[in-house]
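Please consult the sequence and the structure alongside the text.

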Amino acid sequence: MNPTVLDRKVVRLIKRWKEERSEPVCAFLYDKKTLRERAQACVGSLPGGCRLFYAMKANPSKEFLDCLAPVVHGFEAASIGEIRKVRKISEDKPVIFGGPGKKDAEIAEALQRRVTLIHAESMHELRRISLIAGGLGTVAQVLLRINLRASFPEATLVMAGRPTQFGIDEEDVPEAIGLAQSLPHLSLEGFHLHSISNNLDASLHARLISVYWDRVTEWKDRFDLTLRYLNAGGGFGISYTDPDRSFEWPLFITELGKVLEERQLPGVELLFEPGRYLAAACGYYAAEVVDLKCNHGKHYAVLRGGSHHFRLPGAWQHSHPFEVVPLEHWDYPFARPEVLDVEITVAGELCTPKDVLARDVRVARLRVGDVLLFHLAGAYGWTISAHDFLSHAHPEHIYFDDTQGELI
Ligand SMILES: *Cc1c(COP(=O)(O)O)cnc(C)c1O
């Protein structure tokens with residue numbers, strides 16, 4: 001991986017840590033400038049009638065929300081905790097409330113906090129949303145989340161086209177629409193179809209939208225619906241292991257333009273809610289090597305840190321890309337352990353063999369006291385990890401913004 005200006009900024013921050021502090025480096029470093037610019041590029045390129053929400057579960061930090069709020073149309077939240085986080089930074093930013101297993105109290109508070117839309121995930125949830133909205137003297141604006149009966153085999157993690165806990169079975173669409181129309185405190189505004197995760201194929205993604213669009217048009221005509229929204233979800237991919245395979249956003253926009261030209265649905269807004277695509281490249285995880293060993297012929301580096309901070313590689317079963325940041329600092333009165341040109345497995349500080357962030361990766365040189373810098377750690381990193389397993393100290397979270405002229 002070629003070091004960019006930004007990477008050098010990150011390296012400078014790590015070196016400064018070593019100058020100022022004695023404990024080993026262990027930190028997430030987040031680049032708000034890149035986050036803002038990525039979001040601006042995505043939002044700015046969308047065709048008319050499209051709106052972008054940030055799926056905040058990818059990284060719900062206040063700094064990220066503050067940074068994105070002026071750029072994105074709104075936020076997609078999956079719990080009342082996430083909704084509160086948005087409302088802390090903005091009273092009126094549009095919020096979509098999705099996710100399975102919504103509790104009554106969450107629905108009530110979401111309505112009181114004026115969420116824009118609620119994604120209904122089941123018939124039971126539809127009934128409860130209407131009942132709760134009625135109790136509050138309001139009408140809930142709802143999208144039905146549908147699990148389509150088509151298969152999209154190319155994606156890594158598919159949330160539709162097969163049995164999942166998400167959404168309403170496409171076979172039950174007539175019943176769900178009938179129920180939604182019969183409920184007094186609920187307004188059916190459209191459909192939500194998030195079927196794919198970490199998809200790297202931009203053309204496939206546009207084809208997916210055309211499938212969604214056609215399906216929704218069919219339901220609109222068949223049930224004589226007035227629709228305002230089609231939410232096409234997130235799922236724009238990041239390639240963790242092959243940088244040449246990144247999702248081609250410009251190609252997606254071109255293909256999406258063609259899809260929309262052929263399909264006119266006046267008055268219907270097309271919503272997107274990416275998380276990973278906006279946030280992943282804006283974060284780094286830096287962890288110092290505290291030990292090196294050779295065990296049964298295999299080389300291991302042990303980090304101050306691990307999967308309790310950064311579970312992503314374990315969750316996706318990949319070797320996460322990293323670079324070695326060589327640091328010259330060495331205080332001990334004995335020789336510094338070092339390996340040269342070996343394949344190394346990178347383990348964390350937990351007492352479990354699953355605490356591995358990368359396997360059998362060749363390194364030219366690695367010493368105890370060097371730092372491994374993991375890229376693409378801004379989404380689904382800290383937030384999905386079991387922070388308190390083994391009660392190790394949490395990592396630092398360092399946010400930085402302007403990288404202008406910060407070369408070393
Ligand atoms: C997780 C999720 C997203 C965001 O997915 P990404 O892969 O991060 O883009 C969007 N919508 C829903 C409903 C989700 O569950």
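## The largest cavity

Leu 13, Ile 14, Trp 17, Val 25, Ala 27, Leu 29, Ala 286 and Ile 398 line the largest cavity. Here a cavity is a set of points, on a 1 Å grid over the protein atoms alone, where a 1.4 Å probe fits but cannot get out, and lining residues have an atom within 4 Å of a point. Two or more lining residues come from each of helix 1 (5-20) and strand 1 (26-31), and helix 1 gives the largest share, three residues. Helices (H or I, at least four residues) and strands (E, at least two) are DSSP runs numbered from the N terminus.

The lining comprises eight nonpolar residues, no polar and no charged ones. Ala, Val, Leu, Ile, Met, Phe, Trp, Tyr, Cys and Pro count as nonpolar, Asp, Glu, Lys and Arg as charged, and the others, Gly among them, as polar. The volume of this largest cavity is about 40 Å³, and a search of the whole structure finds one cavity of 30 Å³ or more. A volume is the space filled by probe spheres set on the grid points, which are joined across faces, edges and corners.

## Basis of the model

The model is predicted: local features need pLDDT of at least 70, side-chain atom pairs count only at pLDDT 80 or more, and totals for chains, interfaces and linings use all residues. Residues are numbered from 1 along each chain as its sequence is written, and side-chain values use heavy atoms, with hydrogens and water left out.

## The ligand site

The ligand is surrounded by 14 residues, of which Lys 57, Gly 235, Glu 273, Arg 276 and Tyr 380 are the closest; a residue counts as near if one of its heavy atoms lies within 4 Å. This shell holds three nonpolar, six polar and five charged residues.

Polar contacts are pairs of N or O atoms within 3.5 Å. A side-chain N or O atom of Glu 273 is 2.7 Å from a nitrogen atom of the ligand. A polar side-chain atom of Lys 57 lies 2.9 Å from a ligand oxygen atom, and a polar backbone atom of Gly 275 is 3.0 Å from an oxygen atom of the ligand. Of the 380 Å² of accessible area that the ligand has on its own, the protein covers 92% (Shrake-Rupley method, 1.4 Å probe).

## Positive phi angles

His 296, in the loop between strand 13 (283-295) and strand 14 (298-303), has a positive phi near 50 degrees. Its relative accessibility is 82%, so His 296 counts as exposed (over 50%; buried is under 20%, partly exposed in between; 1.4 Å probe, protein chains only).

Asp 341, in strand 16 (residues 338-347), also has a positive phi, of about 50 degrees. Asp 341 is partly exposed at 49%.

Methods. Polar contact = N/O pair within 3.5 Å; in protein donor to acceptor, adjacent residues only side chain to side chain. 1 Å grid on protein atoms, 1.4 Å probe; cavity = no way out; pocket = protein on both sides within 12 Å on 5 of 7 lines; lining within 4 Å.
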